Amino acid sequence: QTVMGAKASRDRLSKEDLDFLVANTHYTEDTISEWYKGFKQDCPDGKLNPEAFVKIYSKCFPMGNATEFCDHVFRTFDTDKNGFIDFKEFLIAIDVTSSGTPEEKLNWAYSMYDVDGNGWIDLVEMTNLV
C-alpha cells in the first residue's frame, strides 16, 4: 500500500528545484513543469543516460546530427560528472544553448571542446570535434 501523496510528489519537481530553475533559467514555472513531465516520461528514474540523451536531444534539435555531437554534449551537460544528467543539469543546459547570452553560449561551447577539462583546447580536441 502506498502512502497518500507519495507518488504525486515523485512526479512533480521539488519546490526547491523549481525555485532554483526559475532563478537560473529564462523559463517560467509552467514551462519548467512541462519540460519536467516530458523528462520524466523519457527518464522515469530521473536519470538521463547517454543513449536516452541522444533520443531527447534529437527531439530538441531535429535539424542537426545528434549522435555526432552527443558524447561531447552529454559530458558538458553532466556537470557533476556522475555519468547521468538529472533534470536540473538538463534544463540549465537547454536554457544556455537556446536562450543564454552570447557569453554563456560561448562558455558552454568552450567547455564542450575542452574534452579533458584542462582549460585549453588543443589540436587533438579540436580535430576530434570538427
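Where is the place of T76 in this protein chain? The close-up views below take up that question, along with a few others, in a predicted model.

**View 1. T76 has its place in helix α5.**
Let's start with how covered this residue is. T76 has a relative accessibility of 9%, so it counts as buried, the cut-off being under 20%. Looking past its neighbours within four places in sequence, you will find T76 in contact with W108, S111 and M112.

**View 2. K81 sits in the loop between α5 and α6.**
Is K81 buried or exposed? K81 has a relative accessible area of 55%, and it counts as exposed because that value is over 50%. There is a backbone detail to look for here too: the phi angle of K81 is near 55 degrees, which is a positive value in a residue other than glycine.

**View 3. The protein chain is built with eight helices and zero strands.**
Now step back to see the setting of both residues. Reading along the sequence gives the pattern α-α-α-α-α-α-α-α. How many of the contacts between residues at least 6 apart in sequence join residues at least 24 apart? In this protein chain, the share is 52%.

**View 4. The surface of the protein chain exposes about 8,500 Å².**
As for the residues themselves, the protein chain has 130, and 31% of them count as buried. T76, from the opening view, is one of the buried residues.

Note on methods:
Residues are numbered from 1 along each chain as its sequence is written. This is a predicted model: local features need pLDDT of at least 70, side-chain atom pairs count only at pLDDT 80 or more; totals for chains, interfaces and linings use all residues. Side-chain values use heavy atoms; hydrogens and water are left out. Helices (H or I, at least four residues) and strands (E, at least two) are DSSP runs, numbered from the N terminus. Buried means under 20% relative accessible area, exposed over 50%, partly exposed in between (1.4 Å probe, protein chains only). Contact means heavy atoms within 4.5 Å. Accessible areas come from the Shrake-Rupley method with a 1.4 Å probe; for residues, only the protein chains shown count as cover.
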